[in-house]
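Subject: Structure handover

Dear colleague,

Please find the structure below. My notes on its strands and on one helix pair follow.

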Amino acid sequence: MKSLIKNYIFGVVIASLVIAATAQQQHDYCDVLKKSLMFYKAQRAGRLPDNDIPWRGNSALNDSSSGAPRDKNGDGNLSGGYYDAGDHVKFALPMAYTITMLAWAYNNNVVKVEQCNLTKLFLEDIKWGSDWLIAAHVSEFEFAAQVGNGQADHAYWGPPENMTMDRPTDMISADKPGTEVACEASAALAATSMAFAQKDPEYSATCLNHSKQLHVFGDKYRGVYSDVVTDAVTFYKSWSGYKDEIVWSSVWLYMATNDTQYLTKAQSDYSTFAIGALAQKNSHDWDLKAPGIALLLANLTGNQSYKADIESYLKWWMPGGGCPVTPGGLSWIRQWGPCRYAATTAFLATVYGGDSYVKWAQSQVNYILGDNPLNMSYVIGVGSKFPLNPHHRASHHSPTNNIGMPVQNTYELTGALVGGPSQDDSWKDDRTDYVRNEVADDYNAGLVGVIATLINKDSKPTN
């Protein structure tokens with residue numbers, strides 16, 4: 001079965017050559033990638049190891065699972081990780097999804113990332129999240145699915161360093177299952193184990209061990225996580241259910257181990273769970289992994305059925321395929337974070353390869369980076385015109401718990417992808433409009449992926 005992995009890698013190389021030949025260099029992709037990765041440093045919780053984001057400091061040091069020992073600094077075992085968006089809750093499902101996508105982007109573009117001189121930063125971003133996932137896996141069948149209460153957190157408008165509210169921890173277990181969270185964490189740690197296989201074999205092995213256990217946990221004790229972690233329903237309800245995460249985890253474990261039992265299981269469950277149908281006329285995101293599963297299995301096996309599923313998905317996103325398109329050319333599936341969905345599908349399109357798919361992906365990136373009716377780059381700090389007031393408590397930095405004061409955000413949230421325009425291409429730089437102006441870990445994950453894939457010989461290394 002090593003030939004399958006080799007075929008997949010060969011496919012990635014061919015796709016990269018197509019991209020280099022097809023995409024015209026209109027942006028400094030290494031610079032965009034660096035800024036997009038720096039966004040995650042602004043999202044860090046816990047005790048910070050550097051001053052790369054000078055307006056951020058230590059926060060949430062008491063985050064912990066019940067009865068867990070403190071570290072040498074007295075910090076809780078769950079103090080690290082990433083804040084989810086413009087708020088300060090740690091939602092394990094989108095955080096784990098983010099790490100899976102970042103590791104996927106890195107694994108597919110190791111040489112390009114090195115060309116940009118961004119290997120260290122990229123791996124730091126992945127590890128800050130994977131370390132938290134490992135810490136959250138407190139025992140074989142127990143995992144922290146959420147830290148912080150969404151309602152209490154959203155009632156506070158200030159930087160995380162000043163938080164004083166209680167931050168409860170919600171666990172999933174054999175008695176209170178949460179398959180989506182366990183299996184997404186499994187996928188994230190399998191992908192991370194691949195990213196660190198050469199750089200840190202010991203850490204890679206640790207990630208893989210947790211990944212295997214989490215896969216068994218999620219698959220053996222099946223249950224919708226948001227039925228257990230009820231506070232998550234308002235924010236990250238599992239709309240698609242857990243079947244896609246089970247297969248997603250199996251595919252990543254196969255890629256990380258080359259153990260055919262995982263591939264056999266993934267293919268069997270793919271059919272049983274009708275994953276191909278689940279992928280159609282939809283998005284690849286924190287909730288639904290079906291499109292990415294079809295893509296990975298197509299590239300791994302060359303099976304025509306998987307190819308048909310991913311091509312049908314991609315064609316629906318392209319002009320005339322069925323997905324709504326703004327007058328300016330953004331494939332606009334829904335109002336909340338349309339740039340996030342377009343960027344993520346553009347990443348899938350570039351990984352799959354092919355002139356038409358890459359051309360479409362390039363058009364979406366161009367739109368997001370400023371080639372649109374407003375000439376607005378929706379990535380902060382990129383281009384000459386970009387959002388100044390994202391819906392983000394830390395960068396706004398209100399000392400009075402007031403979303404309106406100060407009038408302008410105090411700090412630039414460099415590299416963050418905001419939600420994006422309405423279907424008519426209209427958009428306003430309004431902090432209170434969280435639909436169009438919030439940022440999130442999962443928003444940037446797809447952007448990082450497609451930008452990394454578009455890097456070519458003309459991209460210049462960063463300092």
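Two strands count as paired if DSSP finds at least two bridges between them. Helices (H or I, at least four residues) and strands (E, at least two) are DSSP runs, numbered from the N terminus. This is a predicted model, in which local features need pLDDT of at least 70 and side-chain atom pairs count only at pLDDT 80 or more, while totals for chains, interfaces and linings use all residues. Residues are numbered from 1 along each chain as its sequence is written, and side-chain values use heavy atoms, with hydrogens and water left out.

Strands. Strand 1 (residues 90-91) and strand 2 run antiparallel, joined by two bridges; K90 has V147 of strand 2 as its bridge partner. Strand 2 is also joined to strand 3 (residues 169-173), antiparallel, by five bridges, with A144 opposite M171 of strand 3. Five of the six residues of strand 2 (residues 142-147) are buried, so this strand is largely enclosed by the rest of the structure. Buried means under 20% relative accessible area (1.4 Å probe, protein chains only).

Helix pair. Helix 16 (residues 338-352) and helix 20 (residues 441-454) cross at roughly 35 degrees, their axes coming within 8 Å. Axes are lines fitted to C-alpha atoms over the stretch in contact, and angles run from 0 to 180 degrees between N-to-C directions. Contact (heavy atoms within 4.5 Å) involves, among others, R340 and F347 of helix 16 and D442 and L447 of helix 20.

Annotation. UniProt, in an unreviewed entry, places "domain: Glycoside hydrolase family" at residues 29-450; such annotations may be inferred rather than shown by experiment. Over residues 29-450 the chain is 50% helix and 3% strand, with the end C-alpha atoms 10 Å apart.

Regards

Note on methods
Buried < 20%, exposed > 50% of the residue type's maximum accessible area, 1.4 Å probe, protein only.
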